[in-house]
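Please read them with the structure open.

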Amino acid sequence: MEVADSSDADGSVPYILVHSDREIRRLKHQADIVNPITRRILQLAGIGPGMRVLDVGCGAGDVTFLVAEIVGETGHVVGVDRVPAALRAAESRATIEAIGNVSFREGDPQTLSFEEPFDAAIGRYVLMFQADPVAMLRGLVPHLKSGGIVAFHEPDWDGCLSRPLAPLYDRCIGMVVETFRRCGIETNMGLNLDAAYRAAGLAAPAMHMEAVVGGVNGGLDWSHQLVELIVTMLPEIAGRGVATAAEVDIDTLETRLRREIEAGSVIAGRGEIGAWSNTPAH
């Protein structure tokens, strides 16, 4: 894999988490862990039965299917993504699982046109990959009904920690964060949501934060997720000069992390931050 430049030709930040089969499995595992948090954020935002919702950057559909449960049979969710492979995976899953209240579109949601306006636009881990998240937020407003909901779930990677100190876990977090930053990806997007919403002309959002935390119960599952993320990111970690493949030693990484947790360390994941506001009346 070639190392991407810090921005693509159109000025967007490259999405470095390639949509391989293994990465799609990682995203499903991640969804199993964080979907309860996303559900609480969206329900606090006012997403409910019967709504028509736009899922921005839907990927393989993990959030799309979650929202489909929330809006029920009388609602509908349209997932939008720029990556055909991810959309094919989402459409296949919708068919296999017989989920009838979803559909998918390829493209940039800011430039696409839709048959009907939406009650809400939502996304998870999307704005962190945008060169201009304010422009994306602003571009979603025309797709929404007057007073429509804008709700995003984004991370704050500075929230990760371990007690008692788990040096390897902390080093792994440092590798991920430094690689993201060298690629131009915003690792503190969660805490930047308030400023982004207001700059986009939206009202200051309400906000909510949770985190995944655990030792042997919970921490091992999260450490597995971290290892799988590093597997996906390894070409960029090495290519950006953050760490060599030998230093990462991916084949033994999960075992070494497990030993730290089994020795008594509790690990906390990134801050999972949600923000929501309503569009101006028009």
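1. Buried means under 20% relative accessible area, exposed means over 50%, and partly exposed lies in between (1.4 Å probe, protein chains only). By that rule Ala121 is buried, with a relative accessible area of 0%. This residue is found in strand S4; strands (E, at least two residues) and helices (H or I, at least four) are DSSP runs, numbered from the N terminus. Contact means heavy atoms within 4.5 Å. Leaving aside neighbours within four places in sequence, Ala121 is in contact with Leu54, Leu140, Leu144, Ile149, Val150, Ala151 and Phe152. Val77 and Ala121 are 44 residues apart in sequence, with 9.7 Å between their C-alpha atoms.

2. On the source: this is a predicted model, in which local features need pLDDT of at least 70 and side-chain atom pairs count only at pLDDT 80 or more, while totals for chains, interfaces and linings use all residues. Residues are numbered from 1 along each chain as its sequence is written, and side-chain values use heavy atoms, with hydrogens and water left out.

3. Confidence comes next. pLDDT is the predictor's confidence in each residue, from 0 to 100. The protein chain averages 92, and 93% of the residues score at least 70. Over residues 1–11 pLDDT stays under 50, and the model has 23 contacts beyond four places in sequence for this stretch. Where pLDDT is low, the predicted coordinates should not be read in detail.

4. The overall fold has nine helices and eight strands. A compact globule of 282 residues would have a radius of gyration near 19 Å, and the protein chain agrees, with 19 Å. That radius is taken over C-alpha atoms, and the globule rule is 2.2 Å times the number of residues to the power 0.38. Along the principal axes, the C-alpha atoms fill a box of roughly 55 × 40 × 40 Å. Of the 282 residues, 56% count as buried. Among contacts with a separation of 6 or more, 81% join residues 24 or more positions apart.

5. The largest nonpolar core has 86 residues, of which Ile47, Leu54, Val67, Phe152, Trp157, Tyr169 and Ile230 touch the most other members. Helix H7 gives the most to this core, with nine residues. A nonpolar core is a set of buried Ala, Val, Leu, Ile, Met, Phe, Trp, Tyr and Cys residues joined through side-chain atoms within 4.5 Å. Beyond four places in sequence, the contacts of Ile47 include Leu42, Val53, Val67 and Ile149.

6. Helix H7 (residues 219–239) deserves a separate look. Because 15 of its 21 residues are buried, H7 is largely enclosed by the rest of the structure. H7 bends by about 65 degrees at Met233, with Pro235 following within four residues; the bend is the angle between axes fitted to the seven residues ending there and the seven starting there. After H7 comes Gly241, whose phi is positive, near 75 degrees.

7. The peptide bond from Arg163 to Pro164 is cis, with omega near -15 degrees, and Pro164 sits in the loop between strand S6 (161–163) and helix H5 (167–182). Tyr125, not a glycine, has a positive phi of about 55 degrees. Tyr125 lies in the loop between strand S4 (118–124) and helix H4 (133–140) and is buried at 13% relative accessible area. Asp249 also has a positive phi, near 50 degrees, but is partly exposed, at 31%.
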